[in-house]
Amino acid sequence: MASIQDPVYVKLCAQLASKLSISLASARRQVDQAAAKEGKRDVETRRLLVQSMLDALDKSGSESAATLDDLLKDSEGNSNFILED
């Protein structure tokens with residue numbers, strides 16, 4: 001039987017998933033792998049780790065959006081670029 005999930009941890013992972021535009025499962029996997037690298041698997045450490053990831057994204061968040069906009073503008077001249085599917 002699956003263990004009961006910590007609601008705060010799940011909420012933080014959902015915020016991370018939203019900011020990275022990935023699924024909740026992928027965000028949790030990233031946090032789990034980072035926690036495993038540190039050798040810590042308790043929920044409190046994972047909460048702190050996901051919060052630090054969110055803080056890092058907030059610091060560089062505007063830069064990544066600007067980079068994506070620049071990449072899309074550069075791609076419009078490319079014959080293989082499709083605006084609509």
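Does Arg46 count as buried or exposed, and at what relative accessibility? At 15% relative accessibility, Arg46 counts as buried, where buried means under 20% relative accessible area, exposed means over 50%, and partly exposed lies in between, with a 1.4 Å probe and protein chains only. The structure is a predicted model, in which local features need pLDDT of at least 70 and side-chain atom pairs count only at pLDDT 80 or more, while totals for chains, interfaces and linings use all residues. Residues are numbered from 1 along each chain as its sequence is written, and side-chain values use heavy atoms, with hydrogens and water left out.

The chain holds three helices and zero strands, and from the N terminus on its elements run α-α-α; helices (H or I, at least four residues) and strands (E, at least two) are DSSP runs numbered from the N terminus. Of the 85 residues in the chain, buried residues make up 18%. Among the contacts with a separation of 6 or more, 38% are between residues 24 or more positions apart, a contact being heavy atoms within 4.5 Å.

Two packed helices are described by the angle between their axes and the distance between the axes. Helix α1 (residues 7-20) and helix α2 (residues 24-38) pack at an angle of about 110°, with their axes 8 Å apart; axes are lines fitted to C-alpha atoms, for helices over the stretch in contact, and angles run from 0 to 180 degrees between N-to-C directions. The two helices α1 and α2 are therefore roughly perpendicular to each other, since angles of 65 to 115 degrees count as roughly perpendicular, under 35 as roughly parallel, over 145 as roughly antiparallel and the rest as oblique. On the side of α1 the contact is made by Tyr9, Val10, Cys13, Ala14, Leu16, Ala17 and Leu20, and on the side of α2 by Leu24, Ala27, Arg28, Gln30, Val31 and Asp32.

Ala27, found in helix α2, counts as buried at 0% relative accessibility. Leaving aside neighbours within four places in sequence, Ala27 is in contact with Cys13, Leu16, Ala17 and Ile22, and the C-alpha atoms of Ala27 and Ala14, 13 residues apart along the chain, are separated by 7.5 Å.

Ala27 also belongs to the largest nonpolar core, which has twelve residues in all, including Leu49, Val50 and Leu54; such a core is a set of buried Ala, Val, Leu, Ile, Met, Phe, Trp, Tyr and Cys residues joined through side-chain atoms within 4.5 Å. The elements that give two or more residues to this core are α1, α2 and α3 (43-75), and the largest share, five residues, comes from α1.

Arg46, with which this account began, has its place in helix α3. Leaving aside neighbours within four places in sequence, Arg46 is in contact with Tyr9, Val31, Asp32, Ala35 and Arg41, and a polar atom of its side chain lies 3.4 Å from the backbone oxygen of Arg41.

Asp6, in the segment before α1, counts as buried at 18% relative accessibility, and touches Val43 and Arg47, not counting residues up to four places away in sequence. Between the side chains of Asp6 and Arg47 there is a polar contact of 2.7 Å, that is, a pair of N or O atoms within 3.5 Å, of which, within protein, one must be able to donate a hydrogen and the other to accept it, residues adjacent in sequence counting only if both atoms are side-chain atoms.
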